[in-house]
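Please read the following note alongside the sequence and the model.

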Amino acid sequence: MANSIKIRKGTDIRLAGEAEKTLETLKRARVFAVRPPDFHGVIPRMMVKEGDRVLAGDALFHDKYNEAIKFSSPVSGEVSEVVRGEKRRILAVLIKADAANEYRSFSHQNAASTKKEELIKILLEAGVWPFLRQRPYAVVADPTLSPKAIFVSGFDSSPLAPDPDFVLNGEIENFQEGINALNILAAGKPVHLSYKKGSSALTGIQKATLHEVSGPHPAGNVGVQIHHIDPINKGEVVWYVDPQDVANIGRFLKTGKVDFTRVVALTGSEVKAPKYYRTTVGAQLSDMLSGQLSEGNVRVINGNVLTGETSSADGYLGYFSHQVTCIPEGTEPQFLLTTGWLGLGFDKYSISRSFPTWLMPKSKKFKLNTNSNGEERAFVVTGQYEEVFPFDIYPVQLLKSIIVNDLDAMEKLGIYEVAPEDFALCEYVCTSKIDAQRIIREGLDTARIEFS
Amino acid sequence: MKGLHNFIDKKLKPNFTEGGKLSKFWVVFDALETFAFTPGHVTKSGAHIRDGIDLKRTMFMVILALVPCLLFGTWNAGHQYYASIGQEADLWAKLGVGALKVLPLVVVSYGVGLGIEFVFAGIRKHSINEGFLVSGMLIPLIMPVDVPLWMVAIATAFAVIIGKEVFGGTGMNILNIALTSRAFLFFAYPKQMSGEIWIHDVAANKTAGLLVDGHTGATALGHLANTVGKAADSAEVKGIMAQFEPGGMFSFENSFLGLIPGSIGETSTLACLIGAAILLFTGIGSWRIMLSFLIGGLTMGWLFNLAGANAFMGVSPLHQVVMGGFMFGLVFMATDPVTAAQTATGKLIYGFFGGFLSIMIRVFNGAYPEGVMMAVLFMNVMAPLIDHYVIQANINRRMKRSALQTA
């Protein structure tokens, strides 16, 4: 019997452009990219050169501070380019894919009969490990630490997020194998798996503590679930994995092949026919997006509208993205009386009730653009973040402690329990347009340097 | 509107940008441009979409909520004037007299306040914050009708510079700006502020012998303060208290509707309640503060009833809260998010003691009949302390949890 968790605070932003439940399997992209910036805090050291041939599962680079953590190519092909940005920072490693995929083969056996050390070793070697992330700090898990629990949030509650039952359809066996592996890694500590109230795909999973979660976004955020199930205290570490990546881990262990297939939802008001695609981590997005984008200035987001990263129409699917969202850019200035701050604002979506949109029926969906709808100001309004922040933490006070770089206060106010994504809704609702996620990331970086 | 924006962007803007001949006035230009056109700024980091609300909209909602008080106050200024000299007058005559008194106050308040904001924004090279849009409207509404304009100008300047800018501007101040200006006048010009200024021209009319019997130009609380220290059954006290009975000048009904002398915007509880409805409906005002403030005031009023040491204490709690600035302070002053407590629990404590002290000060201290101002300013000072303890409780919970785990 699953524990039931009810989240009351939060909100579901009613965005237009939900994906229709049809699945198209894309032909294999020609170019793939593995992008170090997807793994916050990792400083890549290249293990291949441009022109080298790699198999799917061959390591491309490793972390400078932890050489065991390797990042592998999702396909076989030729390393065509190492894209560098400012200060020669590596932004992406591009691989020109072969016509037929060749896999590096890893010894494989049932997860259940593998020892923890052995399992860690093989996951690290194949570059499957980075699917495991840890809190505090929301970074790739450190294999030398012992987590007090491993969490899998079985669903995503963010705007236009893919339906968990749909994307895991046919993957349940792999998922179970992935959970088995997580149990080995947890070494006797619990593996918590949550599913959305009303969804059915994961209710039959064995060897995990099940939690039935209901409520508005951010109910699906793993951080919220950790907080309500077993909050992180100072000195503790938990690991977490996205559900499709649990299936990826399972598939790897069953076949010994690195095959990071993933079902991705293409969503947003600027997509002509939003639906699901079967593709691979790192695949170039152009195949998916060709013919699908509306005219005009469109922002392509790798991920959801709250936490995703701006991409371009020929960008690459992020390592942790299971959604691509396309919304209009909002570069048009808004005249005060018509569409600006004095306008009636029938097209403005707002959590506050100062726009009439809250009177509209719940079924009404909104086409929102990227305009910030105002300029950055000091904190003025209070009590706003708390409405969408289901933690026993004072969000504004935590942000202020980070702004003034007071490590002691950050620790006391609960920095270990949060990640930028948990502040995404705060950032969305903020009257003063403060970049809460960026501030939290800075705080986490500072704390990580100081305390570890 | 595209044409207008193009004209501003292409023709006017270059004059104000770096190197332009009017670049010193960039702040002013920027403020006016962003006032007219929400800029086409798009999100760069974090959430790609943002809520429709911004500080301008928030402040505008508060101003909207103040409009009933402003309109009623304007009318009442005229109404009190004609009532004091016993003349009948129609709606427009009353509004006319009122507008002649109120509009200059509004103009002076905004002129002085915004002028200072512009100068500071220019010096600090940041854009102009919207905070004063509300303060500039609050200041005239808590002034007596006959307050000299130069005093309002000085008070506004004091409040904006010492109350706000020295702390870093909007969002950084400790004390409510509008109340700071009022407190400044109260202490800097006690003679002028306690004199006969609550009804237009009442002093001159008194000298000329034009006043109607019973009109002294004093406010309800001024009258009540006079009863303190006198025997409850003396003729004088009885005479005063009769005015608070049904049908009297300061009856519950008159006090609720606001047909009594007082600061311009504060007299009508009804207008304040309409404002409160707007603030609560839009979610901009804190219901926690409003509710707990009211409960605090009623509790103190009830406790005074129990004590009943003098006639003032005997006034019913409901009558207490509709008199003076209590409701105006409750709806518009105590709820100022910057100076109030910031935590949900803190707001309840802050509001309760705000209301509690308002009634306590007005009854105990005859020199300060307007207890709300003192109470809210005092609670402004206490708010960070309240928050500190609320947050400390949260921290302790976390520490305790941590200790349990390791034990």
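In which sense do strand 21 of chain A and strand 1 of chain B pair, and over how many bridges?

1. The two strands, the one in chain B covering residues 37–38, pair in the antiparallel sense over two bridges, where pairing requires that DSSP finds at least two bridges between the strands. Within this pairing, B:Phe37 in strand 1 of chain B is the bridge partner of A:Phe335. Helices (H or I, at least four residues) and strands (E, at least two) are DSSP runs, numbered from the N terminus.

2. On provenance, this is a predicted model, in which local features need pLDDT of at least 70 and side-chain atom pairs count only at pLDDT 80 or more, whereas totals for chains, interfaces and linings use all residues. Residues are numbered from 1 along each chain as its sequence is written, and chains are lettered from A and ligands numbered from 1 in the order in which they are written.

3. Turning to the interface as a whole, 63 residues of chain A are in contact with 52 residues of chain B, a contact being two residues whose C-beta atoms, placed from the backbone, lie within 7 Å. Among the elements of chain A that give two or more residues to this side are strand 18 (298–302), strand 21 (334–335) and helix 10 (436–451), while helix 9 of chain A supplies the largest share, four residues. By class, this side of chain A has 25 nonpolar, 23 polar and 15 charged residues, with Ala, Val, Leu, Ile, Met, Phe, Trp, Tyr, Cys and Pro counted as nonpolar, Asp, Glu, Lys and Arg as charged, and the others, Gly among them, as polar.

4. Chain A contains 10 helices and 21 strands. Its radius of gyration is 22 Å, close to the 22 Å that the globule rule gives for 452 residues, so chain A is as compact as a globular protein of that length; the radius is taken over C-alpha atoms, and the rule is 2.2 Å times the number of residues to the power 0.38. Of the contacts in chain A with a separation of 6 or more, 70% are between residues 24 or more positions apart.

5. As a local check, A:Met46 lies in strand 4 (residues 44–46) of chain A and counts as partly exposed because it has 16 C-beta neighbours inside 10 Å, the class between buried (20 or more other C-beta atoms within 10 Å) and exposed (12 or fewer), with C-beta atoms placed from the backbone. Leaving aside its neighbours within four places in sequence, A:Met46 is in contact with A:Phe61 and A:Val82.
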